[in-house]
Amino acid sequence: MEAGNDILPKTLVLGASQKPERYSYLAIRSLRKHGIEVVAIGARKGMVDDIEIQTELQDIPDIHTVTLYLSARNQAPYYNYIINLKPKRLIFNPGTENPELEKLAREHGIDVVEGCTLVMLSNGTYYEW
């Protein structure tokens, strides 16, 4: 699947923020600019353009990618949630690396990427799945 396709897989931004200086904010905007459907979950409700940041975990069907913007110490409460969503890919953005969650994800057949969603979108590697 490439950027030119009509239907792009859905991405969950976990650790979303409506603060423009945050990378999660920039990622949401860039994902939308690239035509990718986004679901955002963060600590506080808010909006990033047309995307509402939810504070409660929800069942989200057809999530292809979860991109993390939570430090490793803040990820543990989300382990089961991420695994139960059954994403195809989990992106650990810089500063979110977590060997424990990476291992758990791999054990459940989830591809693990240590990379930057913003860089991947800008150089076209986000679409390599």
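**Notes on the predicted chain**

1. Let me start with Tyr126: at a relative accessible area of 1%, this residue is buried (buried is under 20%, exposed over 50%, partly exposed in between, with a 1.4 Å probe and protein chains only). Tyr127 counts as buried too, at 9% relative accessibility.

2. The structure has 1 aromatic pair. Tyr126 and Tyr127 form an edge-to-face pair, because their ring centres sit 6.0 Å apart and their planes make 80 degrees. For reference, rings of Phe, Tyr and Trp (its six-membered ring) pair if their centres lie within 6.5 Å; planes under 30 degrees apart are stacked, over 60 edge-to-face, and the rest tilted.

3. A word on provenance: this is a predicted model, where local features need pLDDT of at least 70 and side-chain atom pairs count only at pLDDT 80 or more, while totals for chains, interfaces and linings use all residues. Numbering runs from 1 along each chain as its sequence is written, and side-chain values use heavy atoms, leaving out hydrogens and water.

4. On the fold, I get 4 helices and 7 strands, in the order β-α-β-β-β-β-α-β-α-β-α along the sequence. These are DSSP runs (helices H or I, at least four residues; strands E, at least two), numbered from the N terminus.

5. Of the 129 residues, 47% count as buried.

6. As for contacts (heavy atoms within 4.5 Å), take those between residues at least 6 apart in sequence: 55% join residues at least 24 apart.
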